[in-house]
Structures are given as structure tokens and as C-alpha cells.
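Below are my notes on what I looked up, one topic at a time.

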Amino acid sequence: MAAQMLIYPVLILLVGGFILLTVPRDHLRTLLPYGVVLGGLVDFLECVVTGTLGITSFKNLWIFHAGGHPLLGHVAWAFIVVFYLYFWPKGNRYLGYLYALAFALLATGFSQVVSQAELFDYAPWFYPLPMFAIFLARFALATWAAKRWGALD
């Protein structure tokens, strides 16, 4: 197994460990279903759509994939959304916009790490603006849904 195969397991350990250390258990119980649906499931659906259209593809994932989908990628997105929602800046709408923008930039940057490790490939026109727009829409959806369902009160 090559070192690049460990990108997703290390990401999950880092983000998951940080969440376990910082997020109280009652908040974690509330936010984890949001993470699974708004993170993991949305990532799966986005992978299906962009993969079917030939825009993105995952490769060289060793045992960490099924049907061309990065299993650990979906788990990582669930943890990232939990992290994102727990630390959401409540009470300041403009700071919230910057927060979502920052997470979209981080996700776009991390996609380059995964791409350089030869685990992820995308159409040349897809980076940076269309990819950034999709990540921004994902975080905006997570924020809107969590606010609507009362998780960010």
C-alpha cells in the first residue's frame, strides 16, 4: 500500500479525533445525523452525478472504494460537516458568509491534495471555479438545512 492511500484514513482520524475532543456528546448526537445526510450522502450523490457525466473520477483507492466511490471520502465528509456545523458562528450573518467561503476554499484546496496523490481526477475545466462553486453550494445547503431544522439555534 502506497503512502497516498492513507490520505483519507489520516483525514478521518484527524477530524474525527478533533471532533471527539472538542464537541460535547449531546451536540455530537444532534449533529452526527446532519453530517451523515448533509455530508456523506450529499457527497455520494455529487460523486454519482459528476462521475456519470465524466467530470470526476476516483482511482487507485485500494480497498477503500466500492463501485468507484471512495467509501472513506463519504465518511470524511460526514465528519467535516459535523465540524462545520458545530463551529458555525451563530449570531453574525456576515461572519457566517466568510466561514462558508473559507470551508469551500479549504475543500477546493484539499481536492488538489487528493488529485496530486493520484486518487482523484477531474476534467480540466472543472478546477478551480466550478469545483469551488459546488463546494460553496454544499456548505450553503448544509447551513440552510441545519438552520431550517433547528440544529444551529
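Is Glu118 buried, partly exposed or exposed? I looked up its relative accessibility, which is 47%, so Glu118 counts as partly exposed. My cut-offs: buried is under 20% relative accessible area, exposed is over 50%, and partly exposed is in between (1.4 Å probe, protein chains only).

Before going on, I note that this is a predicted model, where local features need pLDDT of at least 70, side-chain atom pairs count only at pLDDT 80 or more, and totals for chains, interfaces and linings use all residues. Residues are numbered from 1 along each chain as its sequence is written, and side-chain values use heavy atoms, with hydrogens and water left out.

**Two loops**

Glu118 sits in the loop between α4 and β4. Helices (H or I, at least four residues) and strands (E, at least two) are DSSP runs, numbered from the N terminus. I also checked the backbone: phi of Glu118 is near 60 degrees, a positive value in a residue other than glycine.

In the loop between β4 and α5 I found Pro128. A cis peptide bond joins Tyr127 to Pro128, with omega at about 5 degrees.

**Helix α4**

Helix α4 covers residues 93-116, 24 residues in total. From first C-alpha to last I get 35 Å, close to the 34 Å expected at 1.5 Å a residue; the expected span is 1.5 Å times one less than the number of residues. Its buried residues include Gly96, Tyr99, Phe103 and Gln112. The buried residues of α4 pack against α1, α3, β4 (120-122) and α5.

**Helix pairs**

Two packed helices are described by the angle between their axes and the distance between the axes. The axes are lines fitted to C-alpha atoms, for helices over the stretch in contact, and angles run from 0 to 180 degrees between N-to-C directions.

I started with α1 (residues 7-22) and α3 (residues 71-86), whose axes come within 9 Å and cross at roughly 30 degrees. That makes α1 roughly parallel to α3 (under 35 degrees is roughly parallel, over 145 roughly antiparallel, 65 to 115 roughly perpendicular, and the rest oblique). Among the residues making the contact are Leu11, Val15 and Phe18 of α1 and Val75, Phe79 and Phe83 of α3. Contact here means heavy atoms within 4.5 Å. By class I count 15 nonpolar, 3 polar and no charged residues. For the classes, Ala, Val, Leu, Ile, Met, Phe, Trp, Tyr, Cys and Pro are nonpolar, Asp, Glu, Lys and Arg charged, and the others, Gly among them, polar.

Next, α1 and α4 pack at about 145 degrees with their axes 11 Å apart. Ile7, Tyr8 and Leu11 of α1 meet Phe110, Val113 and Val114 of α4, which gives 6 nonpolar, no polar and no charged residues.

Last pair: the axes of α3 and α5 come within 11 Å and cross at roughly 60 degrees, so these two helices are oblique to each other.

**Two buried residues**

Thr143 lies in α5 (residues 129-148). Thr143 is buried, at 8% relative accessible area. Leaving aside neighbours within four places in sequence, Thr143 touches Tyr84, Trp88 and Leu152.

Gly40 lies in α2 (residues 25-52) and counts as buried at 10% relative accessibility. With neighbours within four places in sequence left aside, Gly40 is in contact with Gly35, His74, Trp77 and Ala78. I also looked at Gly40 and Ile80: they are 40 residues apart in sequence and 9.3 Å apart in space, C-alpha to C-alpha.
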